[in-house]
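This briefing concerns the contact between two protein chains. Please keep the sequence and the structure in view while reading.

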Protein chains: 2
Amino acid sequence: MTKILCKISYDGTRFSGYQIQPRVRTVQGELEKALAKIHKGTHVEIHGSGRTDKGVHAKAQMAHFESPYNLTTAEWKRAMNSLMPPDIHVNDVVEVPDAFHARFDVVEKEYRYFIWNEREKDVFKQNYVYQFPFALDVGAMKQAGEQLKGTHDFTTFSSAKAAIRGSKVRTLYEVSCHQDGSQIELILRGNGFLYNMVRIIAGTILEVGRSKMGPGDIGYLFDKKDRQLAGDTLPPQALYLWNVQYEKDMFRNS
Amino acid sequence: MTKILCKISYDGTRFSGYQIQPRVRTVQGELEKALAKIHKGTHVEIHGSGRTDKGVHAKAQMAHFESPYNLTTAEWKRAMNSLMPPDIHVNDVVEVPDAFHARFDVVEKEYRYFIWNEREKDVFKQNYVYQFPFALDVGAMKQAGEQLKGTHDFTTFSSAKAAIRGSKVRTLYEVSCHQDGSQIELILRGNGFLYNMVRIIAGTILEVGRSKMGPGDIGYLFDKKDRQLAGDTLPPQALYLWNVQYEKDMFRNS
């Protein structure tokens, strides 16, 4: 058996999320449908680096599968893309060691969240950004990002619905905020993310941008461990899984 | 009665074109549905500057209607946008003289066609550009544009299916080609456009870019009046109705 890792991009607009579910269109479902075709009807499970929600996009999702076939990486890429719907593309394929796992071996993930800060609605951006028409204090938003960086218990910034066991301590290496004309781009890099964590952090940074909260309040929010105190969960269509990193760059020589 | 002119943008992806038709979703249909709601169920016909096909977008479509109501332009804009689906937006509203007509008074239209010239497919652009992966000679494409400019019989560059009566002579004021990284933008301005004319011109300029035809062949194509000799009709999702001009700028003081 050969273990194959794929770097995949998808437009999340028309998917009910990454993870396979009965009776709805999912990214994993489309990938496994293609792999079954390649494998003459045999089911081949694909293991993603993690889920993305309904409407969330990916510039670089990672997923692995095992196959008895002996194709070159170029042949795998061509075979898979010939069976992909228009909103999924396999950007890169590489052979990985038997011990590799696309989810368990992740050392860092990067997400980006795009706010479009214009009075007038732009119909072409409806599925790709969060359109917010009122003035924002981007300097304060940058400061809030600095307060969110580091190792913290992120209970306040994760969905109260998600009853995950174990620690809610995560480390964020970067929470930065970049303005380019009407676009405000939030970049988050960390060793792991809880359910809805990026969208709740984005909602909290937005509250700071609207001066409903100060950058200095972030420490208090961490202490309280109370989801109710953080900002809203911002909508999914502005969120992009931007990159997934492993111990070494698996695609360096591909 | 007051005559109201609207400047409208729409993402054409999920519409069966501009013009109203039974049992399918159209831009005109959505606009008239909103106007009927505002007018307590009374049908109000809206007159666009012209049709756009299924999948074609508009940055600035123009359309007028008449109403017995006496709202300010800001109130009209707010009322209409509150009833618009997410893929249509009314960008501007102005009151126009009784004699004005959104279609008959057009003096110039501008269309743009976007080619994305990259080896690798970009899933986020699938509904917004034409992705062409092979090398293009943009210099030759610019020269072809120059040959297409001016007053000509555009029979060769219009759909053979469209049995329009009357002259196929039109004047193009601009047919230009602009490269910005991987993006090639075609800008066409003219006093009128025949059915599929922009997409056939784009297909012909693409043939020149691929060196399957030379810029010097354009004159021959005009002479032959034969649709078969021109390039393919390129797909609709890369085409944008960019602007519509009247004798004077109706929105100047709005």
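In this predicted model, six residue pairs are in polar contact between chain B and chain A, both residues of each pair being at pLDDT 80 or more. The side of chain B that touches chain A draws two or more residues from each of three elements of chain B, namely strand S1 (2-10), strand S3 (57-67) and strand S4 (88-96). Of these, S4(B) gives the largest share of that side, with four residues.

**Make-up of the contact**
- On the side of chain B that touches chain A, ten residues are nonpolar, five are polar and six are charged.
- Chain B brings 21 residues to the contact, and chain A likewise brings 21 residues.

**Salt bridges**
- Two salt bridges are counted between chain B and chain A.
- In a salt bridge, the side chain of A:Lys77 meets that of B:Glu120, at 2.9 Å from N to O.

**Buried area**
- The size of an interface is often expressed as the accessible area that is lost when the parts come together.
- Between chain B and chain A, about 1700 Å² is buried, and carbon and sulfur atoms give 52% of this area.

**Relation of the two copies**

Terms used:
Residues are numbered from 1 along each chain as its sequence is written. Chains are lettered from A and ligands numbered from 1 in the order in which they are written. This is a predicted model: local features need pLDDT of at least 70, side-chain atom pairs count only at pLDDT 80 or more; totals for chains, interfaces and linings use all residues. Side-chain values use heavy atoms; hydrogens and water are left out. Contact means heavy atoms within 4.5 Å. Buried area is the accessible area (1.4 Å probe) that two parts lose on being put together, summed over both. A salt bridge is a side-chain nitrogen of Lys or Arg within 4 Å of a carboxyl oxygen of Asp or Glu. A polar contact is a pair of N or O atoms within 3.5 Å; within protein, one must be able to donate a hydrogen and the other to accept it, and residues adjacent in sequence count only if both atoms are side-chain atoms. Ala, Val, Leu, Ile, Met, Phe, Trp, Tyr, Cys and Pro count as nonpolar, Asp, Glu, Lys and Arg as charged, and the others, Gly among them, as polar.
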